[in-house]
Amino acid sequence: MATVSFQQASRIYPKAERPAVDALDLDIADGEFLVLVGPSGCGKSTSLRMLAGLEEVDSGSVLIGNRDVTDSPPKERDIAMVFQNYALYPHMTVGENMGFALKLAGVKRSEIATRVAEAAKILDLSDYLERRPKALSGGQRQRVAMGRAIVRSPQVFLMDEPLSNLDAKLRVQTRTQIAALVERLGTTTVYVTHDQVEAMTMGDRVAVLKDGVLQQCDTPGSLYDRPANVFVAGFIGSPAMNLVTGAAVDGGVRIGGAVLPVPRDQLARASASNGEVTIGFRPEAMTLVGEGQGLPVLVNVVEQLGSDAYLYTKLAGESTDDVLHPSDVVVRTEPRTAAAAGQKLWLGVREGDLHVFDAKTSQRVD
């Protein structure tokens with residue numbers, strides 16, 4: 001096991017307009033499960049490949065266990081990588097696939113058999129060691145890929161979207177298995193995904209990237225409760241946080257004809273030069289209030305999910321013809337008391353659940 005550190009690490013592809021990874025500063029503790037998450041093209045996979053030695057580091061450095069590995073080849077970094085496409089040899093059995101790296105390293109046959117048997121037991125693959133990959137399900141193949149990494153006993157596990165080829169139900173099942181496995185092994189793990197639900201449920205900490213720049217790295221709870229900027233607020237959470245921009249007025253922010261209260265000092269620090277302020281509130285932070293007392297909205301769509309219902313609403317008086325953005329405010333509510341489409345409601349925000357952002361810089365204002 002080992003710590004991992006990115007120190008102002010950058011990767012700039014030839015003819016690119018901006019760095020794929022821009023001066024990444026990130027420290028990962030010994031035994032920590034860290035998830036890199038962000039939209040496509042944000043630099044998360046490139047960061048992982050820089051750590052693996054599969055991409056050059058144009059400036060800055062990468063350390064594993066306090067050892068500078070910036071210029072070291074992959075085989076000298078003592079890491080094991082799990083890819084999204086499994087990368088199994090079709091002509092080999094499960095056991096042979098799991099032990100192949102050890103065979104190349106010259107490990108004794110008896111030692112290989114012992115390590116493969118131990119990993120297979122952990123991954124519930126003992127009954128499949130003589131099968132070929134084509135005889136396995138997607139989830140079983142991914143467990144074989146995990147087993148191939150485990151038998152090497154590396155300092156660091158690197159996982160590049162290992163669940164992306166699985167169906168929705170199997171993804172949920174396998175992500176809990178991976179999280180439990182990493183907890184049991186105690187090996188430092190860096191995991192890449194574009195799925196923020198996956199990131200929030202698996203990581204000890206989550207690092208959010210956008211356009212190659214680290215936006216925030218914190219525990220899942222802190223990311224959800226205290227997003228550092230508008231991007232993190234809108235990216236973390238499903239459905240996403242409601243984000244609206246309104247005019248700063250005496251006592252709060254005017255949205256859709258209503259004034260949402262904001263402390264005066266926050267209001268002063270968040271106001272842009274044109275007097276606008278961005279505020280955010282989670283769907284579950286919305287409450288129904290009396291007529292004329294909160295945000296007036298019209299319900300466009302009601303989404304029933306059994307345990308919850310989501311109301312997709314437009315601010316009253318706003319156009320309802322925008323197909324791409326059919327809602328301004330999403331509300332989570334009880335399914336049995338959900339409003340109907342076309343109904344007008346007045347919504348308030350629970351005290352303490354209003355997030356304030358500078359409209360110009362998009363940064364959080366506390």
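I take contact to mean heavy atoms within 4.5 Å. Helices (H or I, at least four residues) and strands (E, at least two) are DSSP runs, numbered from the N terminus.

**Basis of the entries**

I am reading a predicted model, in which local features need pLDDT of at least 70 and side-chain atom pairs count only at pLDDT 80 or more, while totals for chains, interfaces and linings use all residues. Residues are numbered from 1 along each chain as its sequence is written, and side-chain values use heavy atoms, with hydrogens and water left out.

**Entry 1: helices H4 and H5**

I looked up which residues bring H4 and H5 together. On the H4 side I find Gly138, Gly139, Arg143, Met146 and Ile150, and these meet Leu170, Gln177, Ile178, Leu181 and Leu185 of H5. For the classes, Ala, Val, Leu, Ile, Met, Phe, Trp, Tyr, Cys and Pro count as nonpolar, Asp, Glu, Lys and Arg as charged, and the others, Gly among them, as polar.

I then turned to the geometry. The axes of H4 and H5 come within 11 Å and cross at roughly 20 degrees. Such axes are lines fitted to C-alpha atoms, for helices over the stretch in contact, and angles run from 0 to 180 degrees between N-to-C directions. H4 and H5 are therefore roughly parallel to each other. The scale counts angles under 35 degrees as roughly parallel, over 145 as roughly antiparallel, 65 to 115 as roughly perpendicular and the rest as oblique. I note a right-handed crossing for H4 and H5; a crossing is right-handed if the near helix is turned clockwise from the far one by less than a right angle, and left-handed if anticlockwise.

**Entry 2: helix H2 and its partners**

I listed the buried residues of H2 (residues 94-104) and found Val94, Gly95, Asn97, Met98, Gly99 and Leu102. Buried means under 20% relative accessible area, exposed over 50%, and partly exposed in between (1.4 Å probe, protein chains only). Against what do the buried residues of H2 pack? They pack against helix H3 (109-122) and H4.

For H2 and H3 I read an angle of about 135 degrees, with the axes 10 Å apart. That makes H2 oblique to H3. The crossing of this pair, H2 and H3, is right-handed. H2 supplies Gly95, Met98, Gly99, Leu102 and Lys103 to the contact, and H3 supplies Ile112, Arg115, Val116, Ala119 and Ala120. By class, the contact of H2 with H3 holds 6 nonpolar, 2 polar and 2 charged residues. Just after H2, I record Gly106 with a positive phi of about 85 degrees.

**Entry 3: salt bridges**

I searched the whole structure and found 15 salt bridges, each a side-chain nitrogen of Lys or Arg within 4 Å of a carboxyl oxygen of Asp or Glu.

Asp195 and Arg171 meet through their side chains at 3.4 Å, N to O. Asp195 lies in the loop between strand E8 (188-193) and helix H6 (196-202) and Arg171 in H5 (residues 168-185), so the pair ties together parts that are 24 residues apart in sequence. Both Asp195 and Arg171 are buried.

Arg226 and Asp366 form a salt bridge at 2.6 Å, N to O. Arg226 sits in the loop between helix H7 (220-225) and H8 and Asp366 in the segment after strand E20 (355-358), so this pair links parts that are 140 residues apart in sequence. Arg226 counts as partly exposed at 45% relative accessibility, and Asp366 is partly exposed at 44%.

Asp328 bridges to Lys314, with the closest N and O atoms 3.7 Å apart. Are these residues buried or partly exposed? Asp328 is partly exposed at 25% relative accessibility, whereas Lys314 is buried at 7%.

I also note a network of salt bridges that links Arg11, Arg49, Glu55 and Asp58.

**Entry 4: backbone in the loops**

Which residues does a cis peptide bond join? I find Ser238 and Pro239, with omega about -5 degrees. Pro239 is placed in the loop between helix H8 (230-235) and strand E11 (242-249).

Ser153, a residue other than glycine, has a positive phi near 50 degrees. Ser153 is in the loop between H4 (138-150) and strand E7 (156-160), and counts as exposed at 52% relative accessibility.

Asp211 also has a positive phi near 50 degrees. Its loop runs between strand E9 (205-210) and strand E10 (213-218), and Asp211 counts as partly exposed at 38% relative accessibility.
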